[in-house]
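Please read this briefing with the sequence and the model open side by side. The points below are grouped by topic.

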Amino acid sequence: MLPVALSIGIVGLPNAGKSTLFNALTKNNVLAANYPFATIEPNVGVVGVPDARLAKLASLYGSAKVIPATVQFVDIAGIVRGASEGEGLGNKFLSHIREGDAICQVTRVFRDDDVTHVDGKVNPADDISTIQTELILADLQTVEKAIPRLEKEARLKKEGVAVLEAVREAQKHLEAGTPIIATNVDRDAIRELMLMTAKPYIFVFNCDADELADETLKQSMRDLVAPAEAIFLDAKFEAELVELDDEAEAREMLAEMGVDEPGLDVLARVGFETLGLQTYLTAGPKESRAWTIKKGATAPEAAGVIHTDFQRGFIKAEIVSFDDLMEAGSMAAAKSAGKVRIEGKDYIMSDGDVVEFRFNV
Ligand SMILES: Nc1ncnc2c1ncn2[C@@H]1O[C@H](COP(=O)(O)OP(=O)(O)OP(=O)(O)O)[C@@H](O)[C@H]1O
């Protein structure tokens, strides 16, 4: 199994704050200007997933380094009404969204008369439906284009019949204005079409300081997008926060905003979850490290993320859960307490397993 490198595409209307958020995520200096369509080329940012367990492991093992899991964000240009018809940057960037594994939509909530809104007013519900409509229309085009080919394939081979049926069902839902993720269409059957509304979705509400403190407002946004995840942050503030070298100052700024945790940390964690990923941990004097696997991965597959030899020559895995290890206070104590298990080829990994693999090369 190759290392898992899934990515999340950031979408939103022009001036929603995508570039500001992306810059903060990567500390890259991508152009973030008060200028619709400032972002033309897609940009990839690789972000560490914050994991408090790593520092604890590192202090237990005296590790020299800590290496977190990562999640990739791709900054994509703004979508405007009519994008599926070629308005704005049109279909060019829709193809970048198609390649992502999940979508993160940045929605403007902040009020600032100096920052133009494409529709002349700030209205999150309208903005969300504008983008959803564009993605649905683009998916509908994809489906309509594919159907004649799929009909031919269904006549030639049996497997094609189920695919065609699933795609026709998808078409009906899209015509009714429903994103595929909200239906029970067989998503495996239609995978090859890479439909955008079939991807998991995260909503980032880009707020100003007052709005961040407004629980009623936030609840109404949550209700608007449920069951999808809603994250609230001030992208401009997050961008300033990452510029600070002084951690104490950063903590103070967060406290002043009444926020416990940087929004970017929440986003990285929720994004990682939304992609269906989990981590297992390894620890030693050199490093404490989180490794990324898909949920449901077996022990040999997990070993393969470190090295293909580990997977090929897999014998067994010595596993202790992070919590048991911390409670015992050391690997030796965990062993004598009977908390360290020997697991074989069929073991399904759990998040937070602390692992040592035994293998033959
Ligand atoms: N929470 C916020 N509060 C106030 N201003 C903000 C906030 N977030 C972003 N801005 C400002 O809004 C403007 C637009 O932001 P940004 O360039 O990131 O938008 P964008 O979505 O990337 O736009 P485009 O699609 O046109 O590239 C910038 O001037 C930015 O500083």
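**Briefing on the predicted model**

Gly-160 is found in helix H5, where helices (H or I, at least four residues) and strands (E, at least two) are DSSP runs, numbered from the N terminus. This is a predicted model, in which local features need pLDDT of at least 70 and side-chain atom pairs count only at pLDDT 80 or more, while totals for chains, interfaces and linings use all residues. Residues are numbered from 1 along each chain as its sequence is written.

**Overall make-up**

- The protein has 14 helices and 12 strands.
- Of its 361 residues, 39% are buried; a residue is buried if 20 or more other C-beta atoms lie within 10 Å of its own, exposed if 12 or fewer, and partly exposed in between, with C-beta atoms placed from the backbone.
- Among contacts between residues at least 6 apart in sequence, 69% join residues at least 24 apart; two residues are in contact if their C-beta atoms, placed from the backbone, lie within 7 Å.

**Helices H4 and H5**

- Two packed helices are described by the angle between their axes and the distance between the axes.
- The axes of helix H4 (residues 124-156) and helix H5 (residues 159-175) come within 9 Å and cross at roughly 155 degrees; axes are lines fitted to C-alpha atoms, for helices over the stretch in contact, and angles run from 0 to 180 degrees between N-to-C directions.
- That angle makes H4 roughly antiparallel to H5, given that angles under 35 degrees count as roughly parallel, over 145 as roughly antiparallel, 65 to 115 as roughly perpendicular and the rest as oblique.
- The contact of H4 with H5 comprises, by class, 14 nonpolar, 2 polar and 4 charged residues; Ala, Val, Leu, Ile, Met, Phe, Trp, Tyr, Cys and Pro count as nonpolar, Asp, Glu, Lys and Arg as charged, and the others, Gly among them, as polar.
- Residues of H4 that take part include Ile-136, Leu-140, Val-143 and Ile-147, and those of H5 include Val-163, Leu-164, Val-167 and Leu-174.
- Gly-160 counts as partly exposed, because it has 16 C-beta neighbours inside 10 Å.
- Leaving aside neighbours within four places in sequence, Gly-160 is in contact with Leu-150, Glu-153 and Ala-154.
- From Gly-160 to His-173 there are 13 residues in sequence and 20 Å in space, C-alpha to C-alpha.

**The annotated binding site**

- An unreviewed UniProt entry lists Asn-15, Ala-16, Gly-17, Lys-18, Ser-19 and Thr-20 under "binding site"; UniProt positions are given in the numbering used here, feature names are shortened, and annotations may be inferred rather than shown by experiment.
- Asn-15 lies in the loop between strand S1 (7-11) and helix H1 (18-26), and it counts as buried because it has 22 C-beta neighbours inside 10 Å.
- Ala-16, in the loop between S1 and H1, has 30 C-beta neighbours inside 10 Å and therefore counts as buried.
- Not counting residues up to four places away in sequence, Ala-16 touches Val-106, Thr-107, Arg-108 and Asn-206.
- Thr-20 is found in helix H1, and with 22 C-beta neighbours inside 10 Å it counts as buried.

**Backbone geometry to check**

- Most residues other than glycine have a negative phi, and most peptide bonds are trans.
- Asn-15, a residue other than glycine, has a positive phi near 70 degrees.
- Met-194 is not a glycine either, yet it has a positive phi of about 50 degrees; Met-194 is found in the loop between H5 and strand S6 (201-206) and, with 15 C-beta neighbours inside 10 Å, counts as partly exposed.
- The peptide bond from Ala-226 to Pro-227 is cis, with omega near 10 degrees, and Pro-227 is placed in the loop between helix H7 (215-225) and strand S7 (229-233).

**The TGS annotation and Leu-57**

- The unreviewed UniProt entry has the annotation "domain: TGS" covering residues 276-359.
- The span of residues 276-359 is 31% helix and 39% strand, and its end C-alpha atoms lie 27 Å apart.
- Leu-57, found in helix H2 (residues 52-61), counts as buried with 23 C-beta neighbours inside 10 Å.
- Leaving aside neighbours within four places in sequence, Leu-57 is in contact with Ser-63, Leu-281, Ala-283 and Ser-288.
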